[in-house]
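Opening the notebook on a new model. I want to go through the helix, the hairpin, the chain contact and the domains.

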Amino acid sequence: MVRYFAKRLGLMLIALFLIILVTFVIMHAVPGGPFTSDRNLSEEVEAALNAKYHLDDPLPKQFFDYLKGLLHGDFGPSYKFTGKTVNDFIANGFPVSGKLGGITIIFVVLASIPMGILAAVKNGKWQDMVVMAVATIGVTIPSFVIASMLIYIFSFRMGALPSFGLDSWKGYILPVITLGGYSVSYLARQMRSSLLEVMGQDYIRTARAKGLAEPKVIFKHALRNALIPVITVLGPTVANLLTGSFVVEKIFAVPGLGVHFVNSVSMRDYTTIMGVTVFYATFLLAMVFIVDVFYCLIDPRIKYD
Amino acid sequence: MEPILQIENLKTSFMTSNGEVQAVRGVSFSINKGEILGIVGESGSGKSVTSMSILRLLADTAVIKEGSITFEGKNLIDVSKKEMRGIRGEKISMIFQDPMSSLNPLIPVGNQVAEMILEHHPDRKKEDVKKEVLELFSRVRIPEPEKRYKCFPHEFSGGMRQRVMIAMALANKPDLLIADEPTTALDVTIQDQILHQLRELEKEYGTSIIFITHDLGVVAELCDRVIVMYGGLVMEEASIDDIFEKPGHPYTMGLLVSIPDIKQDKSVRLMPIPGSPPDMTNPPKGCPFAPRCPYARKICAQELPEFIELGEGHRTRCFLQYPDAPADEHNPFRR
């Protein structure tokens, strides 16, 4: 077991290295650079800037210099925001995105799993139809549309909730719904189909033949088995939600991390592109790893040797 | 002898998108205390659906349309859900065909058996129940019960899992055990051990057993009495001796000659029954076996024969057995 997890850790580092390498190469292959702008800097100024940030070094040297920095936890300076480092962006943005994401994860889990269970237990009845209708809306309508509708109804029409900012608990409600809407719908569907499948298994019939009441059959015998595929999906979802969303943070003016994922690319802010990518990739790999550990805890059949 | 369970004219159907599948079309039989009753028939004959109807463990699409199942003076079709749960596992328990999938993969086997006892006797102490389970495990010959208690189903072989299922089924010393093809998925050697075990346990506890199978060889070894089912109906009912010595229905005869015999000359080919079972969404008007019956006459396809008594406890549903049936070389019963 220990050996397996050590091996997994090694593979994760290799995966991370490849992600860094590929991102780095693609980033430099895209035309333009951090200092090509419409202000038309003179050639001397641009050359001086490139020299200052070592952008005139050969690419392999730049890559290894970057890796060296990473090993010391240094993501490098932002090329576009003078005086700011990428570490600053993450240190300022992540707590905001992370808090919003964390609350969203709680909301997603508390909403989707009971919804899925209800739909599966009431399979084919009106409760199932309602849950599935909501879930279909959630996976098909893009988050910016949902956000606009929520703002129109709850902020503009009713004036009940703020349309931006996270100053009070009320400010979290709309962003959390927008951010979690897709995941709630997706996980509720997953939970429903997985539970329906388990409810058709022979051991559920055995549990009923024992004389167990239906709630006991579902919660003691079916649910744990049905959760395994749900946890598989939940892992990457957690990574996604914690690292912030460009759309949601833009709409609700949340000073989080999500905004950097898109802006850094359009501004060719090389170090920021690399920084947020590495940060997200690490998170994602860690979550997949944690999911594997969870499998081990839930399912005795899974032994990593 | 007082019957412990009596089924009268049971009709169970499945409502599907292709129409009503009439799986059981009027089945009656009873089982006495301490008796082992075999129900024989091929897939789709309605034998499993009959047994599942007793404990009302059928899928949601199934409907018990008619009939009664009398157990301890009550009709099991009408009792409340709660009362039914009190009977399941406590008074009537069940063993299923596939031991590989009948145990919850995430719960240690010992706990799964203990749950059976605790569900019906919640006041028992956990340690006592554990002792009881260990006792049961050694009864069904699970080696090293103490060590095996905490094992998970995947750590057991098929035969071992079926022993766990038997231990579970017997945990509350039920009056009736329904075994639905419990040995079909197992090796022949393991099958033999399990059958012996069921025999022993029947003697020890006085539990009545309904043993469902498609294997007449197994029936010969275990049962006191047999019911042969086909097309959702009982075709013949007889004691174990009668069924093998003087089968009263062409279908039973077909089943008997299709059993391979090890002493048989290799050049003699096995006699299969040609054709396949009827479509139960649209069951035949006459005898369901008529289309496959080598002796079928005109009337067989038009009318369903009523039961005719052939002897004590031996009855069959076949026109060829009627007193007015023609006696010639085409009638196997009156040549």
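My entries follow, one topic at a time.

Ground rules: this is a predicted model, where local features need pLDDT of at least 70, side-chain atom pairs count only at pLDDT 80 or more, and totals for chains, interfaces and linings use all residues. Residues are numbered from 1 along each chain as its sequence is written, with chains lettered from A and ligands numbered from 1 in the order in which they are written.

Chain A: I looked up helix H1 (residues 2-29), which has 28 residues and reaches 41 Å from first C-alpha to last, close to the 40 Å expected at 1.5 Å a residue. (Expected span is 1.5 Å times one less than the number of residues; helices are DSSP runs of H or I, at least four residues, and strands are runs of E, at least two, numbered from the N terminus.) Is H1(A) buried or in the open? The number of its 28 residues that are buried (20 or more other C-beta atoms within 10 Å of the residue's own, placed from the backbone) is zero, so H1(A) lies largely in the open.

The hairpin between E1(B) and E2(B) passes through two residues. I checked Gln6(B), and its bridge partner in E2(B) is Ser30(B).

Chain contact: 18 residues of chain A and 23 of chain B take part (contact means C-beta atoms, placed from the backbone, within 7 Å). On chain B's side, H3(B) gives the largest share, four residues.

Domains: the assignment for chain B, automatic or from a database, gives domain 1 (3-87 + 184-194 + 208-321) and domain 2 (92-171). Their C-alpha centres lie 30 Å apart. Eight residues of domain 1 of chain B contact nine of domain 2 of chain B.

Terms used
The expected span of a helix is 1.5 Å times one less than its number of residues. A residue is buried if 20 or more other C-beta atoms lie within 10 Å of its own, exposed if 12 or fewer, and partly exposed in between; C-beta atoms are placed from the backbone. Two strands pair if DSSP finds at least two bridges between them. Two residues are in contact if their C-beta atoms, placed from the backbone, lie within 7 Å.
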